[in-house]
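My entries follow the structure below.

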Amino acid sequence: MIPEIGHFSLILAFCFAIVQGTLPLIGVWQHKPMLANVAVPAARLQFLFIAIAFISLDYSFYVDDFSVLYVASTSNSQLPIMYKLAAIWGGHEGSMLLWVSMLGLWTMAVTIYAEALPQTFKIRLIAVMGMVSIGFLAFVIFTSNPFERLIPAALDGRDLNPLLQDPGMVFHPPVLYMGYVGFSVAFAFAIAALLDGKLDITWARWTRPWTTVAWVFLTLGIAFGSKWAYYELGWGGWWFWDAVENASFMPWLVGTALIHSLAVTEKRDAFKVWTVLLSISAFSLSLLGTFLVRSGVLTSVHAFATDPRRGVFILLYLVVVIGGALLLFAWRAPKVGLGEKFDVVSRESMLLANNVVLVAAAGSVLLGTMYPLLMDALGAGKISVGPPYFDAVFVAIMAPGLFLMGLGPLAKWKKASLPEIGARLKVAAVISVISSVLVPFIMGKMSLMVVVGVFLAFWVGSTSLILLANRVKSRSAATPNLVDNLKGIPLAFYGMFIAHLGIGVFILGVTLVKGYESEQDLRMEINDVAKIGNLNFTFEGTQTIKGPNYESQQGTFTVTKNGKAVAVLHPEKRFYPVQGSVMTEADISPGVIKDLYVSLGEPLEKGAWSVRIYIKPFVQWIWAGAILMALGGFCALADKRYRARNKKLSQGSKEGEQEAHEAFAS
Amino acid sequence: MKKLFVVLLLLANAAFAGVAKPLADDPVIEARLKAMSRELRCLVCQNSTLADSTAPLAEDLRKEIRVLMHEGKTDQEVVAYLVARYGDFVRYRPPVNNETAVLWFGPFALLLIGAFVLYRVLKKHAGNDELKGEDA
Amino acid sequence: MKRTAKFLIPLVLFLIAVGFLFKGLFLDPHEVPSPLVGKPAPAFTAPLLSEPSKRFNTADMKGKVWLLNVWASWCVACREEHPALMEMAKISEIATYGLDYKDTDAEAQAVIDANGNPYKEIMTDADGKIGIDYGVYGVPETYVIDKLGIIRYKQIGPITEQAFFSKILPLVKALQT
């Protein structure tokens, strides 16, 4: 009964999506307020029914209803409750439902928080969200119905892939999808503005916070995924340049570019065409990612069971949504004005240069991801494009961009002078050069990669600090008290500061772990000691333990430094009987300076085991950096003036506009 | 209390503790193998490198590579050996040739074109007196 | 007009990408074409399953068109392929040789005893060395080798009816004349 309610709700949601996506547009076009005004209620009802469907499916998981095919194939009666509820997005059908639910959630948020937007714009916006939703709901209902019955019911489920039985599974997909799908709002803003034929500052100003929220989620989602891979896959990697990782990384890069170009558009009413194109691209890349994962055109760790029908369906959907958007773009863009004037050397131009770099970087990821497919389609043979390619090309493109990142925020709006920027950067340059020599010296090994990486990390970090110092200094005459001074700086500024600092932290982490990680494959008998640097890893043996739905050989390793205990690690080799699979669960002792990472290989003769021990210096900084970036985004969103001004602006207050300019003038 | 226990345990162990031996007989070759197999793709479970894969074929190939290295083959020769059997597909680092020129140089071309276009547009933008906000 | 054309670039690029993606839907990313096709089949000698003291030698196959089918008792897809091989042996004159890949003789023999023998001879490759030389990465795989000992075709995965009648059979016939 419950699954049928879910299925039926999904169909109702589909109907409301059709209403939401069509009638309001007709209403606006034909000047029929009656029709136009269905937008908000239809959107909310759509969300309500999606929510019912989602809860129904989760309920089916909760009560182990194995007469539902999807539940039977991704859950099991022995599965811990937390994973049962997460198993809802453990397979194709459910994760598509999650996708649609996120879209519903964003639409709902738009109907609530876009209250103050001009009426017709708001209606168009919601209608575009509805159109995006129609396609995806149709996809779920017609090709990927999670409520399909299994008759007769299975006695027990086939279980969630043990690889996914991890707390990471609970957080990673929803947060990532929240970000992925969140770009649909920026997309809808762009389309609504193009339909309106009016791209102006208001549009940019409204798009900005929505884009930032989506970007924050995407940043966190990618970071969670990376962290998960790090401890779950058992070989200590944190990024694999896998097709699906790339699919989430491309929208992130373009979304980052979008956040920066929105700043220019908002301030100077300029480069609107470019900003609109980025808004469309960010979401298009999210959709492309979905296509790549679901259609099986690329091999990936994330690949779902594939069905060519699904591939054709999504591709058709891409053609309609992206093709339609780009057609509208080609039609409207030529009429868009140029906006205000600014100099070739200015904050604006720096932000746009950053855009060129980010887009070229996204281009390299796209090219690398798609190239095997291109070659194959052209009959030129099969090739693989993997980490060595991306490490070389992507990094080479990003490096100058990171250098620019130090300059940009120090340049004045409208017209900056290079000598002046240079003078402000002297200290940063000195700090960065010294660090880039000193750090490898302390770590004991010099390489070009480390020198450049450390230089860039300190460059980004120190320029951010100098920026803050300058800001404080310029205000010190008016507000001599340092605390008051710091308090008086808008949160939006801190947002940028923290996010940029996060990039520095991230680069430092990546550089040091890549430059100085070590790995040992050992054969260890009980009581054997492995000496790595000044650490002694003692293997105390293994014991059999029983988990809720697995059996495990758990090893015990004590780590000592100069005779003092540092950590006790329990890596496991788990056996999951339902799927008959063996999982390696590494154990990690995380630290600011380094992670100790031990994973059990195979049992050898006489109670010995093959053991892998990794030392991962500064690896935690990678995720700390990502979290700082996200925190920066939150900070910018929390800026009171930023929120207040939206309200004022919609009332047409000139005052609000002035204030808004100040908030972002740094 | 727990700490004391650990210390005692350590002391007890110290008496007959052995030193862990490297899994491989020849650490030099093993290091070469590891560095090389990171850039090679496992054909069976196509999403992991030859270094990380646990597939039997990957195990066999690692064994074969060790043998080749013992015979004194250089890294290039070993990669050539694999490419002759499985094609360029095994290389995560695609070779630079006519077919992959776009892959290797395309992104840099994009960067240069982007920079050039941006410069032109900025120049035009800055010199356009019709734009408003000259002295705002 | 020129002003508008510029704005069509994104759409055009997108449509080109769609073309490739569409084509991609009908390609199998797991299938890796062998670089050995068109090259001489690696020479080997291997013990026979039926009589381990005797050895098969590729040199003896000069002048013949033959199929080398790589299989194993532990391979599920091979068991699916087995009836097709039996059928092939019945309806055509194709000489199919089996290479028992990374298997034990007893288990392989048991499969043959139970399901019949479609092969002229079965060679054993217990340590998988021959498999590596042939670039085997997923059994079953089948190579069509011509009179000069050149590999002319490689079937990855089970031989399907379609593959047999549209590719293998015509190719073998053409090579034999």
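Entry 1: chains B and C. I counted two residue pairs in polar contact between chain B and chain C, both at pLDDT 80 or more. A polar contact is a pair of N or O atoms within 3.5 Å; within protein, one must be able to donate a hydrogen and the other to accept it, and residues adjacent in sequence count only if both atoms are side-chain atoms. On the side of chain B that touches chain C, α3 (56-70) and α4 (75-86) of chain B each give two or more residues. Helices are DSSP runs of H or I with at least four residues, strands are E runs of at least two, and both are numbered from the N terminus. That side of chain B has ten nonpolar, two polar and three charged residues. Ala, Val, Leu, Ile, Met, Phe, Trp, Tyr, Cys and Pro count as nonpolar, Asp, Glu, Lys and Arg as charged, and the others, Gly among them, as polar.

Entry 2: ground rules. This is a predicted model, where local features need pLDDT of at least 70 and side-chain atom pairs count only at pLDDT 80 or more, while totals for chains, interfaces and linings use all residues. Residues are numbered from 1 along each chain as its sequence is written, chains are lettered from A and ligands numbered from 1 in the order in which they are written, and side-chain values use heavy atoms, leaving out hydrogens and water.

Entry 3: salt bridges. I looked for a side-chain nitrogen of Lys or Arg within 4 Å of a carboxyl oxygen of Asp or Glu. Between chain B and chain C I found three salt bridges. One of them pairs Asp60(B) with Lys102(C), at 2.4 Å from N to O.

Entry 4: chain A. How many salt bridges are there over all chains? My search of the whole structure gave 38. Arg149(A) and Glu4(A) form a salt bridge at 2.7 Å, N to O. Arg149(A) is in the loop between α7 (119-143) and α8 (167-196) of chain A and Glu4(A) is in helix α1 (residues 2-29), so the pair ties together parts 145 residues apart in sequence.

Entry 5: two strands of chain A. Arg574(A) and Glu585(A) meet in a salt bridge at 4.0 Å, N to O. Arg574(A) lies in strand β6 (residues 572-576) and Glu585(A) in strand β7 (residues 581-585), so the pair ties together parts eleven residues apart in sequence. Are these two buried or exposed? Arg574(A) is buried, at 13% relative accessible area. Glu585(A) is buried too, at 12%. Buried means under 20% relative accessible area, exposed over 50%, and partly exposed in between (1.4 Å probe, protein chains only).
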